[in-house]
2 protein chains.
Amino acid sequence: MDDMNGHGNGGGGRLLSERQREHPFIVTEPGEVARGKKNGLDYLFHLYEQCRDFLIQVQTIAKEHGEKCPTKVTNQVFRFAKKAGASYINKPKMRHYVHCYALHCLDEEASNALRRVFKERGENVGAWRHACYKPLVTIAAGQGWDIDAIFNSHPRLSIWYVPTKLRQLCHTERNNATASSSASGGGVDHLPY
Amino acid sequence: MDDMNGHGNGGGGRLLSERQREHPFIVTEPGEVARGKKNGLDYLFHLYEQCRDFLIQVQTIAKEHGEKCPTKVTNQVFRFAKKAGASYINKPKMRHYVHCYALHCLDEEASNALRRVFKERGENVGAWRHACYKPLVTIAAGQGWDIDAIFNSHPRLSIWYVPTKLRQLCHTERNNATASSSASGGGVDHLPY
DNA sequence: AGAAGGACCAGTGGTCCGTA
DNA sequence: AGAAGGACCAGTGGTCCGTA
């Protein structure tokens, strides 16, 4: 019933009628297996890879049938995953942590370092999740602030919608950067003279 | 009020309260202006170019505001066009003739020849519209039947959704071609031996 | 308290069918 | 009859908030 050793909820002797929610995530180091009724972050990221596999299956079927072919993980893909027995995958969860997965894809070293720091400090998942935004905004700053282009140019990330909050942070920070560079004579904004 | 000389509905002395529907299309040769209360096919294709302009405006605004940026002519673009005063543009009409515009984009010579033949024969717009499917299916046959790739690789066509009926025709015809090549020993289908 | 996810909602793609 | 387009509908992207 489990997806990987030591991950996911144990099916154990539990009756189907009393199936529980997934165990909550805790901040784990890379390679670390969560103990007790918890799931680790490697498992979280593995769920994104599973969604990608389901998308590829949906795409293959769509092409065979001459139907329009999704390029993103859509409602259709979540429905397919559920039908295929992956009841632990759902849209609100996957959307909630997309930017964390993005950091893992775009700068695995930075992502790993952040995990170690937040585990060290005993921070909860919400705090770690929140901290994933800032390094992404920094990456965007170095790429002309185009977070859509950054997502689309990465093969495993391009199938995910850019989260609204990440988009807003990039936009706000770009305006701040432009205003300060303009004030100091940088002149990256329009009508610089 | 008119969009181009000799095209669109005349505003004339008509009151705003009694604004009429657009004049119906008739089959015209390239460069020919429709006479009487009719619109020609150059005007039809011009509407697609106008939609493209409106999309580009919507995209520019979206990027300025750090919002998600449409890549296709969506409801949002039709709403924008209407708000900008292009009341003669609407979704059902544009969707109805997309494949005709596609032929115009992909093989203007073939499109022009078809217009001349159907004008010569005195056919109505519906007959011409129907006849636009077949040359497109032939083009798709020469490109691995991937009508989505054909649309997406053309800069002016890529902003339009592939019409359902065109997709279905390509799918059906691909299966027919595969079956006959299989029967004659071609073996393009899966499990050919 | 912190977190997982059912379920809702505004606005979409798609096109039918009452209209002229 | 042939054709233009208002308006509807099933299923979407997005995420809130009742739940555990």
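Across the interface of chain A and chain B, six residue pairs are in polar contact, both residues at pLDDT 80 or more; a polar contact is a pair of N or O atoms within 3.5 Å, where within protein one must be able to donate a hydrogen and the other to accept it, and residues adjacent in sequence count only if both atoms are side-chain atoms. This is a predicted model, in which local features need pLDDT of at least 70 and side-chain atom pairs count only at pLDDT 80 or more, while totals for chains, interfaces and linings use all residues. Residues are numbered from 1 along each chain as its sequence is written, chains are lettered from A in the order in which they are written, and side-chain values use heavy atoms, with hydrogens and water left out.

**Interface of chains A and B**

- On the side of chain A that touches chain B, α1 and α9 (164–183) each supply at least two residues; helices are DSSP runs (H or I, at least four residues), numbered from the N terminus.
- α9(A) gives the most to this side, with three residues.
- Contact (heavy atoms within 4.5 Å) joins 10 residues of chain A and 10 residues of chain B.
- About 720 Å² is buried between the two chains, and carbon and sulfur atoms give 45% of that area; buried area is the accessible area (1.4 Å probe) that two parts lose on being put together, summed over both.
- Zero salt bridges are counted between chain A and chain B, a salt bridge being a side-chain nitrogen of Lys or Arg within 4 Å of a carboxyl oxygen of Asp or Glu.

**Aromatic pairs**

- Over all chains, 14 aromatic pairs are found; rings of Phe, Tyr and Trp (its six-membered ring) pair if their centres lie within 6.5 Å, and planes under 30 degrees apart count as stacked, over 60 as edge-to-face and the rest as tilted.
- One stacked pair is Y48(A) with Y101(A), at 4.6 Å centre to centre and 5° between the planes.
- This pair links helix α1 (residues 41–64) to helix α4 (residues 98–106) of chain A, 53 residues apart.
- Y48(A) and Y101(A) are both buried, that is, under 20% relative accessible area (1.4 Å probe, protein chains only).
- The ring centres of F54(A) and F80(A) are 6.0 Å apart and their planes stand at 65°, so this pair is edge-to-face.
- Because F54(A) lies in helix α1 and F80(A) in helix α2 (residues 75–83) of chain A, the pair ties together parts 26 residues apart in sequence.
- F54(A) and F80(A) are also buried.
- F45(A), Y48(A), Y101(A), W128(A) and W160(A) make up one aromatic cluster.

How values were computed:
Buried means under 20% relative accessible area, exposed over 50%, partly exposed in between (1.4 Å probe, protein chains only).
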